[in-house]
Amino acid sequence: MTHLTTDIFLASLADGVSTLLARDSQNSDWVSFNCVFPIRKYTLKKAATAAYQQVCAPYHTWAVRTAVSAGMCTLPTRDQLLLNPNETYMVVTHKKFKSLEASTIDDTNEGYENAFEILHYPTITATNLGMLPIKDNLVFKRMFKMPDQSIPKDAAYQIINDELMLDGNPRLNLASFVTTWMEPECDKLIMSSINKNYVDMDMYPVTTELQNRCVNMIAHLFHAPVGEHDTAIGVGTVGSSEAIMLAGLAFKRKWQENRKSQGKTYHNPNIVIGSNMQVCWEKFARYFDVDLKVVNLKEDYYVMDPVKAVEMVDENTICVAATLGSTMTGEFEDVKLLNELLLNKNKETGWNTPIHVDAASGGFIAPFIYPDLEWDFRLPLVKSINASGHKYGLVYAGVGWVVWRTKEDLPDELIFHINYLGSDQPTFTLNFSKGSSQIIAQYYQFIRLGFEGYENVMKNCNENARLLKEGLEKTGRFNIISKDIGVPLLAFSLKDSSRYTVFDISESLRRFGWVVPAYTMPPDVQHISVLRVVIREDFSHSLADRLIANIVRVVNEMDAAKSTDNAINTRDGEASEDSKKEVKLGISKYWRRFVHAMADQAEQYIYQRFPYLRLDDTPSSSSGSDSDPSESSTAASQAEAPPPAPAPEPAPMPSPPRAPAWDGLRRMRGQARKMTGLPPRRQMAPIDEPDTIHEVGESSHQAELRAQVHQISQDLQALRQDVSQHHTLLEDTRTTVLEILTSHLTLME
Ligand SMILES: Cc1ncc(COP(=O)(O)O)c(C=O)c1O
């Protein structure tokens, strides 16, 4: 019954919350309990009260109803819930909203309330409501509408700037290959060209010229067979992804032309590629209807195996894509071997399968520090190469390059010519308009650093990678997966992940500000999970030392935490008992306040029913006893069933346990009269005084007293029964409230 009531209560509570939210969000699905938090107006008290009134209130007496209603006041407030738990995500989110409120909108603003769209979770049921981990489920977003009115520019700046403070620090983002630092002179150039649309080539011929110079420099760097006075074939893009789309389209078109000319079908093109491919290849395949024939990785060989790749090539293969700098481990694939094997296969089959090199990150590394490594246009089957200018090209996000070996490798039909901007303009990009700044910044880096500068930067990155590797190896806990020759990054797995995982380490490192991603490797080595640290130009020697120190600290802390856990676990489950105790302590804190509130109500009730009783602790002139009802009826109660025993404070729980109301009464007596605004204390002389029967030898005063005592004892008997009934009801309510509080504590955890 209790359980049933609890379930219904919780269901109603959920419904209450949902209804409250529905008022704003027009949606009455179940919602995650913690979704309520961001909205100041909605409190747990409101939802719980609504639910209680629907479910339990009709069955409860006035005293219980009032007590419960008082108890509702003891439920934690929104602010307590948000600020008590040491839950960083919550706190951060709360702060975020606080700053938003402070800077923009006050609580009374209707737009503010409507602005929150609470995401609904259809899977949440009444019973698991509130039990969900906060982090995974605290998902809400601000649904923005354009404001009706303008605001001052400095206010707009402040609002956005304040909110952006919550973004991470790009320099500590070790997940990304993309440049996060450039010289201030280059920043100036970027700012001064921020208003130039690159596509207006006639308007900005110098910018176009700078792009062409960059293409030429890159083509030379990659050993394209371009004569001294020739123009290299290539284009600046938004990044390697766009570059890969363009290269892929060129291969597809060439293959189709070839097949058509041979009178063969041309509908099932495919690309052979390693499972370590970057996601842009999957995008290309899906967007442009090309199959991917994936070469899976194997233990201790985390890049595409050229032998397997060539085996997979068939007559529909438009190209084999090799990666110079695997996204997962930074390792360079063996393009030279691939070229040799493919040359042989082409000779045998008569096919002319080409190679594309995805040198997104390796393209600006290999030429400078591995000049003898043959991976580029020195190999005859390499027809196109892409590289990210915004990675080791050392430019801020927004620039990539694709270069073709010769003019013949880029089908003419893919080049569009427009003249409405003033002159004939060939374009071969997916996008039309784009900024010029990144192209200009790339040119700045090429002429500023020159070969020497790039070489120095890459060597420095390599040196920092080596230091980091040494530091990690010294800890004795990691296997280094990345290779010395490759992109300067460290990919490492845990030697022993039985106690904690790389994901735990990644999570813990965030508290120092580091973003070190952890991920599982692609097929067929998914069982390996690694952490990856990308070493960029702005990652210094001292940052490497600091990172190692932080990794060591995190790992040591986790070791210590695990060994404490183990020690506790060996005490036959005492560990969980301890944590349960902590939870109970939290619950009892709220519960005590609830009981106190109920005690007030119970006292008020007793006053009304038994007006001749004195509950005040002011010394009595007539009885001479203390105001505790149990004490004032001692004589009678000795003859009858014993009433709740008096307990001086602080007192251990008497046995048998008594109704909480009595405990509360004792503690709170004296305050009761003032707090409840009850009529002045009455004397023992009752309004409905019992008839007095004289016993032999008894004075009339004695007889009167005896009759009064008798009456009191009878009243107390009735009261005890009443209290016991209420106690059951209170227990019911208590269980319910406890469940709510337990949910809360779980939430807080
Ligand atoms: C191997 C590889 N190819 C392509 C890309 C996509 O590059 P972008 O971000 O420049 O579009 C990446 C990005 O990390 C990459 O590592």
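A charge counts as sitting over a ring if NZ of Lys or CZ of Arg is within 6 Å of the ring centre and within 35 degrees of the ring normal. Lys298 does this with Tyr301, lying over its face at 5.5 Å from the ring centre. Lys434 lies over the face of Tyr198, at 5.2 Å from the ring centre.

Before going further, note that this is a predicted model, in which local features need pLDDT of at least 70, side-chain atom pairs count only at pLDDT 80 or more, and totals for chains, interfaces and linings use all residues. Residues are numbered from 1 along each chain as its sequence is written, and side-chain values use heavy atoms, leaving out hydrogens and water.

Now to the rings themselves. Rings of Phe, Tyr and Trp (its six-membered ring) pair if their centres lie within 6.5 Å; planes under 30 degrees apart count as stacked, over 60 as edge-to-face and the rest as tilted. The structure has twelve such aromatic pairs. In one of them, the centres of Phe368 and Tyr454 are 5.1 Å apart and the planes at 15°, so this pair is stacked.

Finally, how confident is the predictor? The chain averages a pLDDT (confidence in each residue, from 0 to 100) of 77, and 65% of the residues score at least 70.

Technical notes: pLDDT is the predictor's confidence in each residue, from 0 to 100.
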